[in-house]
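Open the model in your viewer and keep the selection panel at hand. Each stop below tells you what to select and what is there.

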Amino acid sequence: MAYKLKINDSEMEVDAAPETPLLWVLRDHLGLTGTKYGCGIAQCGACTVHIDGVATRSCQFPLEAAEGVEITTIEGLDSNGEHVLQQVWTAMNVPQCGYCQSGMLMAVSSLLKDIPEPTDADIDLYVDNICRCGTYPRVRAAIHKAVEQMKA
Amino acid sequence: MTEQFKLSRRGFLTSVLGAGGALVMGISHDAFAATTATGPWDTYGDAPEFTPWLRIAPSGEVTVYATHPDIGNGVITQAASYVKEELGCRWEDIKVEYAAPERNHALNNFYADVGGALAYFSGRSTSEARREAYFSAAAGARERLKAAAAAEWEVDASEITVNEGELVHGDQSLPFGQVVAAAAGIELTEEPKLKTREEWTFLTKVNPAKIQIPQIVTGKAIYGMDVILPGMVYAALRQSPVMGGTLKSYDFEAIKNMPGVRAVVEVKPTEPGEPDKIKGPFPLGPTATPSAIAVIADHYWQARTALDALPVEWDDGDGAKWTDTEMMNQAALKGVREAGENIELSVGDVEAEFAKGGTIVEAEYLTPYCEQMPMEPLNGTALITENSAEVWTPSQHTQQVFAITVQETGIAPENVKVHQTFVGGGFGRRVYGDDARVVVAVAKGYPGVPVKVVWSREEATRQGRYRPLMASYMKARLGDDGLPTALLARAAGGPGVYVRGLPDTALTLLIPNAQVESNVIRDFHIKTGPYRGPGFNSNIFFTESFLDEMANAASQDPLDYRIKIYSKWEDEGWVKILNVLKEKSGWGTPLPTGQARGVAIGNWGMGGEPHKGTTCGSVVHAEVSNSGILKVHRIDIAFDCGRVMNKDAVQVELEGGAIFGLNMSLNEELNIKNGRIVEGNYDEYPLVRMGDMPEIHVHFEGLTDHERYDEIGEPPIGPVGPALANAIFKITGKRLRTQPLRKHDMSWGSGA
């Protein structure tokens, strides 16, 4: 079945089964491979995208629900890498292997929209993505640093 | 103006305050960093080649060839840094590509001889030989550039200096690019001497962040999972659920009309003894294909849905006799309750010493099977035709993948290509190349188009090369001063169990009567392999928990007790680390009821010798409520790898390694039911998250400045687990001798 999607401010058309997870639509059908497959059961958060601005795990979001909403992927955060989070992530050497970081960045950018100056408890709650390399201390520090830079 | 100053001026100056002061650091990172492409990175091109490590283009772009896949540990940045130091180019002019294993083959193993399993295409990225290869290549190129400029200016080359990609003589200067063509052809009468570390201006001074981060944070980095090729199809994979089992039957008719489905490919187990057509770093054994089946479809989700619907019957084979985990645990424990068939070390006479009586301490320990769980599930893409093979892989060892591809297809090595992609975590899982062999075997069954083979998370978890299930028994006699006079250590596990870390560690070597024995449980069917810190990751739990038990039996402070023991070891790093930890962690300062600190120390890579490998110690501050709820407040890490070149890169690895070690000890366990692995996904195999994080403090004061730059990825995963178990003992009086620690009842006092 054909579906019309709005992704990163562009209209895109996809022909796939209605129950196909948005994750695989993005990756296999549209070539937007920045959104990662980690677990497929909404546990790890590597597939996090924004649906109408809300951080959502795309592995559990069916294609049929994706019409009429605005989808933002890591490719839409800032393709030149000029988003404050991308800048701070680079300067602070946050990623290790980097595979989970698309999801981390989407979760964090959603957090900062809701709570511009999050506490550590807010971070724990919003950013529950899994990182096997153990970048958590740097992710937390980078969030605080980004907040500081945005205020300046 | 010094180079360092210029770089800091261009870079960011960051000062970071983490939770509870956990991370306080000032890092200078260059904003105009060296780069990599998003992939594939083995484009070569026609820029003049100075050596196979290095090309310089007329534009001034310097291409550095890296053999080690960067699994997040920064090895390509390290390669770029070596070249930057000796060549004197601009940092932002460096681009790193991977050295293709087929080029290594064509150049008669220029980069790495096949014999050394972990020599150059995997692991040991800090080896001195590799470092000198880069230094020499870059210094040689620099002197050739000088010679070419000298000819152009008709001056003596010794009067020419190099500054940020330019050759300078008096008032005149030339960018490297203008003389590269001439320079590449110059033969020097002698190769230049390498800089001493006092002469370094980049290494140890500038601490660049990983050069691939801009590709990562924009989602542009191409991991193995992200490879897209024209005409590519997808394969969803299922292997015999019991390792060693075989496919009995399947019914393609049941799925052949499902959307997108093209075919089913059956993979047969590699025949034992099949002659290797090319020698790979690792033998056939751990890399052999299992019995497997794959559904090929136009898209992954179609393939996966069809695979789930495909009726498949398996013959489970002998492994099915292991009805549950406890049965395997008991078999391993039985292996340490009888004399070991292998004597790993025998010094003095332990039995005679035990016969003297006095204080005898003994205990049994056990660590379970664990999966590396890299965030990127196993995958790979291959295009196999009648006479050519091309593979795209998130490997930890491309040389191994190359050999496997030749072996599995029988295609001539000249017609095989392997492309290294970004790697979504390794931790040892992608070293053997067993995953690549399955990819090639599936693609061989559907030739002529690129086939991307994807393991589901569950499939990857249940078809691993695991940290081995391992039991140990330790017995010691303490002398009148409370220090051990005899130690017996016995270890047992399935084929591939790692004994290292028991006979070749400082504790064992310091005791006058010491015996280390092992038994292999031959009918364990579960495959094992290198999981971060192989062997070390279990053996340090045994030795450092047991050391705590000895200190307790001797009624001595566990940290001071360790200082007493290790002060006799020739390598001063051990005591230095312990003293740093004592001071920095607040050791001995009062804590509220229900809280305590535990300590542990060990060395990765020493192989029985002082001043080798990396010594790493940890103090863990934990809290256990009366009802048994555990909270880890803080981890202090101190270490000695000799020297460091990029302080921030080292700190990152130690932070991540401490967290990995915490999770391994606290949470990880694979269970067995009728020979199958039970756990499949993160809901069953928990990993720590942001909210579980303790403060982590990394201390550099333990460094001895001994002349080595040893490994840093594996050491920190060792001491955290035993230090935590030792803290829990102090709080609860309960000695946790098996991992994962979370499974124990930790209630105490009024809650017990």
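**Stop 1: a hairpin in chain B**

Start at G482(B), which takes a positive phi near 85 degrees in the hairpin of strand 21 and strand 22 of chain B, with five residues between the strands. Keep in mind that this is a predicted model.

Strand 21 and strand 22 (residues 484-493) of chain B pair over nine bridges in the antiparallel sense.

Pick E362(B) and find K475(B), its bridge partner in strand 21 of chain B. How many of the nine residues of strand 21 of chain B are buried? Seven are, so strand 21 (residues 470-478) of chain B is mostly covered.

**Stop 2: the domains of chain B**

Zoom out and colour chain B by domain. Domain 1 covers 41-209, domain 2 covers 226-318 + 378-454, and domain 3 covers 325-370 + 466-751. Domain 2 and domain 3 of chain B are each written as two segments.

Select domain 1 and domain 2 of chain B. Their centres, taken over C-alpha atoms, are separated by 37 Å. At the contact, 17 residues of domain 1 of chain B meet 21 residues of domain 2 of chain B. Which element gives the largest share of the domain 1 side? Helix 3 (residues 101-106) of chain B does, with four residues. By class, that side of domain 1 of chain B has 10 nonpolar, four polar and three charged residues.

**Stop 3**

Strand 12 and strand 13 (residues 292-297) of chain B run antiparallel and are joined by six bridges.

Among the buried residues are Y300(B), W301(B) and R304(B). What do the buried residues of helix 7 of chain B pack against? The list is helix 1 (22-29) of chain A together with strand 10, strand 12, strand 13 and strand 20 of chain B.

**Stop 4: a buried tyrosine**

Select Y432(B), in the loop between strand 19 and helix 11 (434-444) of chain B. Y432(B) counts as buried because it has 26 C-beta neighbours inside 10 Å. Beyond its neighbours within four places in sequence, Y432(B) is in contact with F282(B), P286(B), T287(B), Q400(B), R465(B) and G529(B). For a distance check, pick P413(B): its C-alpha is 19 Å from that of Y432(B), and the two are 19 residues apart in sequence.

**Stop 5: where the chains meet**

Show both chains. Here 55 residues of chain B are in contact with 54 residues of chain A. On the chain B side, strand 1 (12-17), helix 6 (213-217), helix 7 (300-309) and helix 17 each supply at least two residues. Helix 17 of chain B gives the largest share, six residues. The chain B side divides into 33 nonpolar, 13 polar and nine charged residues.

Select helix 17 (residues 647-666) of chain B. At 1.5 Å a residue, its 20 residues should span 28 Å, and the end C-alpha atoms are 28 Å apart, which agrees. Helix 17 of chain B is mostly covered, with 19 of 20 residues buried.

Finish in chain A, at helix 4 (residues 101-114). The 14 residues should span 20 Å at 1.5 Å a residue; the end C-alpha atoms are 20 Å apart, in agreement. In helix 4 of chain A, 10 of the 14 residues are buried, so the rest of the structure largely encloses this helix. The buried residues include Q101(A), M104(A) and S110(A).

How values were computed:
Residues numbered from 1 in each chain as written. Chains lettered and ligands numbered in written order. Predicted model: local features only at pLDDT ≥ 70, side-chain atom pairs only at ≥ 80, totals over all residues. Expected span 1.5 Å × (residues − 1). Buried ≥ 20, exposed ≤ 12 C-beta atoms within 10 Å, placed from the backbone. Pairing = 2+ DSSP bridges. Contact = placed C-beta atoms within 7 Å. Nonpolar A, V, L, I, M, F, W, Y, C, P; charged D, E, K, R; others polar. Domains from an automatic or database assignment.
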